[in-house]
Amino acid sequence: MSFDSKIPTGEMNEKWNDYKGHVKLVNPANKRKLEIIVVGTGLAGASAAASLGEMGYKVKAFCFQDSPRRAHSIAAQGGINAAKNYQNDGDSVFRLFYDTVKGGDYRAREANVHRLAEVSSSIIDQCVAQGVPFAREYGGLLSNRSFGGTQVQRTFYAAGQTGQQLLLGAYSALERQVALGNVTMYARHEMQDVVLIDEKARGIIARNLVTGELEKHFGHAVLLCSGGYGNVFYLSTNAMGSNVTAAWKAHKKGAFFGNPCFTQIHPTCIPVSGEYQSKLTLMSESLRNDGRIWVPKKKDDNRKAIDIQEEERDYYLERRYPAFGNLVPRDVASRAAKERCDEGYGVGTTKLAVYLDFKDAFVRYGKIEQGKQGNTTGTLEEAIKLGKAVVEEKYGNLFEMYGKITGENPYEMPMRIYPAVHYTMGGLWVNYELQTTVKGLYALGEANFSDHGANRLGASALMQGLADGYFVIPYTLGNYLADDIGTANIPTSHPAFEATEKAVSNRIDTLMNIKGTKTVESFHKRLGKIMWEKCGMARNAKGLQEAITEIQELKREFWSDVKISGEIKAMNPELDKAGRVADFIELGELMCKDALERNESCGGHFREESQTDDGEAKRDDVNFSYVSAWEFRGESNWQLNKEPLNFEIVKPSQRSYK
Amino acid sequence: MEHYNMNLTLKVWRQKNHHSAGTLESYQVKDISSEMSFLEMFDVLNEQLITDGKDPIAFDHDCREGICGSCSMYIDGRAHGPWTKNTVCQLHMRAFKNGDTIVVEPWRSKAFPVIKDLMVNRSAFDRIIQAGGYISVNTGNAVDANSLPIDKKDADNAFMAAACIGCGACVAACINSSAMLFVSAKVAQLSLLPQGQPERESRVLNMVAQMDKESFGNCSNTYACEAECPKGISVSNIARLNKEYLTAGLSTEQ
């Protein structure tokens with residue numbers, strides 16, 4: 001077990017170069033003998049598996065979906081950041097680094113963030129070379145747009161489908177390696193546990209989701225690229241299958257869990273419409289480039305949006321944060337929406353929504369179009385029509401999606417939006433090399449905690465996933481494996497594999513034999529409700545203590561009264577879900593514990609006890625400038641380890657977007 | 001939008017596994033809100049089945065926002081149901097009215113064998129991509145992204161072809177179970193871009209060969225694929241595929 005961040009010494013902007021220059025290498029003949037397991041095939045997993053395959057390692061990649069192309073990175077909409085400065089607006093590696101550390105409310109590790117900013121440019125180059133069709137200008141060069149928390153245009157995008165195009169790029173690279181025989185793909189497989197031999201990760205137990213059989217797989221190293229755990233809240237923008245199981249099993253085998261309570265609540269999602277709701281849908285942050293957010297100035301105003309005159313509207317983000325306006329970071333925008341709704345200014349039938357209005361954008365773009373046409377006599381109506389066409393080209397798929405889900409036409413009336421769980425900054429604690437506290441066990445992408453501190457800026461998740469997979473792990477993994485070239489493949493008949501498989505199989509038997517009365521779904525919903533109400537956008541000590549007790553009770557009830565249909569040795573989606581929900585329940589408890597321990601507000605973590613006079617989050621750097629790294633000690637028992645955050649470059653200050 | 005509740009009869013394809021025979025079974029669901037998505041209606045039905053001690057219906061789904069391409073139901077004789085340019089997960093119950101009977105089947109194609117109930121095996125698509133649906137560039141070999149300007153028209157067309165989500169509705173909708181729309185979308189995307197030129201000929205030949213090997217049928221230009229494609233992928237891509245295939249066939253020495 002090693003709890004050392006392993007940050008290289010030297011100047012910040014030389015650390016990564018120095019590291020690469022001195023890192024141990026594995027020669028090509030030895031790479032062929034080394035096997036790597038990659039769990040998850042989103043941006044981090046697919047890019048890692050493809051790159052490692054290209055380098056000559058033997059890779060086995062696992063995903064629970066029917067194809068690696070369906071991992072949830074595909075749903076990312078808005079874009080990917082890179083410090084290219086193509087817009088000549090003063091961007092640089094330093095600015096991207098600085099914005100990310102500040103956006104994360106000074107709870108990220110500087111060295112990791114700096115490396116992320118350094119490799120960001122290469123990601124765009126790599127993706128374009130793969131044929132990713134980013135948006136372009138008429139001159140044929142790449143287009144950029146703005147995202148929250150920054151004052152430059154550094155976001156590359158492909159309409160509202162950036163994640164899809166980036167993932168298909170990584171997927172095609174992965175499939176190429178499959179064709180070349182360097183990667184073996186195991187789709188419809190779910191990791192159930194990690195196998196340790198002599199305190200090193202040496203493989204996994206996976207369940208074949210079609211046959212229900214358990215399989216043992218050896219690897220010299222195991223990479224967890226299994227995404228975030230937003231589904232602990234039941235309702236989130238995550239895919240239905242997104243889960244914490246791989247990371248949680250690793251945690252229970254010794255990997256520390258970093259900052260579990262840091263959750264991102266995204267400000268612009270389609271509001272909940274009823275009890276039956278199974279998931280929430282994001283409306284990309286890119287919409288805040290052109291949409292203006294407002295609520296009526298009058299409480300409980302039940303008029304239609306279009307009947308509320310300009311002077312009766314409160315554009316509260318522009319009012320509170322004139323410097324950044326509608327483009328404040330996500331945590332700030334979400335809390336501001338909650339504040340207005342809590343005060344009684346919310347709109348729609350549930351009153352838990354605010355308006356995102358494109359009226360002014362239609363006019364602005366329309367007038368530009370009229371200008372281009374040399375049309376000086378055009379009417380406002382004509383301008384609006386032209387402007388709608390421009391907005392449609394930029395965000396058409398999002399408007400269409402909104403229309404399908406709500407049955408309303410967003411070109412005619414403003415969108416109704418409300419914050420929803422979207423991303424988790426917390427995750428498995430990793431050192432500079434992305435290795436967890438278990439040797440040979442790595443975590444990449446959203447599954448680790450490292451780069452986003454207490455709040456992630458928009459368009460940075462795609463950047464981090466691909467940075468970890470394409471440009472970080474190919475170097476850092478070699479540093480570990482160079483000492484492992486003498487280790488022959490360990491047969492899966494090894495007692496450690498047998499014992500782990502037996503434990504997995506026993507747990508499945510236990511679950512199936514409960515034969516209780518309540519469905520898995522009903523437990524998941526109840527967990528989500530506890531988490532949302534007591535560990536959501538605002539948290540306080542009393543609520544968190546209650547939540548911990550309630551979750552412990554829920555856990556007991558789950559393990560004595562859950563009802564799972566179907567068979568063990570067959571396809572059984574209910575059983576898959578039961579295993580995931582059981583892990584979410586345990587994670588939920590740790591999240592509340594972490595939120596309770598961190599008696600300060602920072603980023604997405606808002607403790608009501610710690611706020612400024614005007615209701616902004618108040619950090620406490622004296623007492624909480626550290627990463628919480630929780631060590632599993634047994635049921636409902638964790639020990640807190642602290643990694644102090646030493647800021648060499650950026651001086652933490654009260655974040656201001658005013 | 002007026003909300004309403006409805007009672008429905010569902011006839012759903014049930015099949016234990018690939019080896020067993022399947023059949024349509026009837027179910028009643030009550031008080032379904034017009035605001036629910038079609039899959040949420042299935043969630044309600046499955047909860048009911050589990051509570052009654054019966055096996056819930058297996059179906060593929062994941063993102064539920066129309067982009068992952070997992071969901072794949074043939075509803076009342078149409079891939080992804082009655083709305084155009086739509087996936088099942090984005091279909092909402094306001095498309096139906098009280099008392100309706102809805103028939104739900106899996107994708108029907110020899111190349112997509114049923115795994116269970118409404119779930120099929122679409123790995124043939126992955127193998128077609130493996131045959132050439134990529135640009136061979138190893139990590140770290142790329143030049144600066146703006147060193148190669150691309151005509152916006154070509155970039156936009158490549159993007160429109162790349163919007164394919166690989167759901168397989170084109171195959172399911174086709175009377176011949178042809179995969180031409182899927183294959184053509186990838187071929188078109190990459191042949192439109194300068195980066196795709198070096199492998200342009202081998203790509204189209206290899207992908208088509210793999211498509212044939214996977215026992216997809218031939219294209220007879222009925223355009224059913226385009227009509228049912230949730231992302232509106234155009235059949236003009238098929239024309240481009242044919243051109244690419246012929247050119248490659250003529251110029252490549254076998």
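**Figure 1. Where the two domains of chain B meet.** In this predicted model, 18 residues of domain 1 of chain B are in contact with 16 residues of domain 2 of chain B. On the domain 1 side that touches domain 2 of chain B, the residues sort into seven nonpolar, seven polar and four charged. Domain 1 of chain B covers residues 5-116, and domain 2 of chain B covers 123-251. Taken over C-alpha atoms, the centres of these two domains of chain B are separated by 29 Å.

**Figure 2. A helix pair in chain B.** Here we look at helix α5 (residues 180-192) of chain B and helix α6 (residues 200-213) of chain B, which pack with their axes 10 Å apart. The angle between α5(B) and α6(B) is about 175°, so the two helices are roughly antiparallel to each other. From α5(B), the contact draws on B:Val183, B:Val187, B:Leu190 and B:Ser191. Facing them from α6(B) are B:Arg200, B:Arg203, B:Val204, B:Met207, B:Val208 and B:Met211. Sorted by kind, the residues of the contact of α5(B) with α6(B) are seven nonpolar, one polar and two charged.

**Figure 3. Chain A meets chain B.** How many residues does each chain bring to this contact? Chain A brings 64 residues, and chain B brings 66. The elements of chain A that give two or more residues to this side are α3 (43-55), α5 (110-129), α6 (162-179), α11 (380-406), α12 (461-481) and α16 (573-597). Of the elements in chain A, α6(A) gives the most, with nine residues. The residues on the side of chain A that touches chain B divide into 27 nonpolar, 22 polar and 15 charged.

Figure 4. Chain A holds 17 helices and 21 strands. Along the principal axes, the C-alpha atoms of chain A fill a box of roughly 80 × 55 × 50 Å.

Figure 5. Strand β10 (residues 257-258) of chain A is joined to β20(A) by two bridges, and A:Gly258 has A:Ala629 of β20(A) as its bridge partner. Further along the sheet, eight bridges join strand β20 (residues 626-634) of chain A to strand β21 (residues 637-644) of chain A. One of the paired positions is A:Gly634, whose bridge partner in β21(A) is A:Asn637. β20(A) and β21(A) form a hairpin with two residues between them. In that turn, A:Ser636 has a positive phi of about 50°.

Figure 6. The order here is β6-β7-β8 (chain A), with antiparallel pairing. β6 (189-197) and β8 (214-218) of chain A stand at the edges with a single partner strand each, so one side of each has no neighbour in the sheet. On average, and ignoring direction, neighbouring strands of this sheet are turned by 25° against each other. Five bridges hold the antiparallel pairing of strand β7 (residues 200-208) of chain A with β8(A). Where does A:Ile205 find its opposite residue in β8(A)? A:Ile205 stands opposite A:Lys216. Helix α13 (residues 495-514) of chain A lies across β6, β7 and β8 of chain A, running at about 135° to β6(A).

Note on methods
Residues numbered from 1 in each chain as written. Chains lettered and ligands numbered in written order. Predicted model: local features only at pLDDT ≥ 70, side-chain atom pairs only at ≥ 80, totals over all residues. Contact = placed C-beta atoms within 7 Å. Helix = DSSP H or I, 4+ residues; strand = E, 2+ residues; numbered from the N terminus. Nonpolar A, V, L, I, M, F, W, Y, C, P; charged D, E, K, R; others polar. Pairing = 2+ DSSP bridges. Axes fitted to C-alpha atoms, helices over the stretch in contact; angles between N-to-C directions. Parallel < 35°, antiparallel > 145°, perpendicular 65-115°, else oblique. Domains from an automatic or database assignment.
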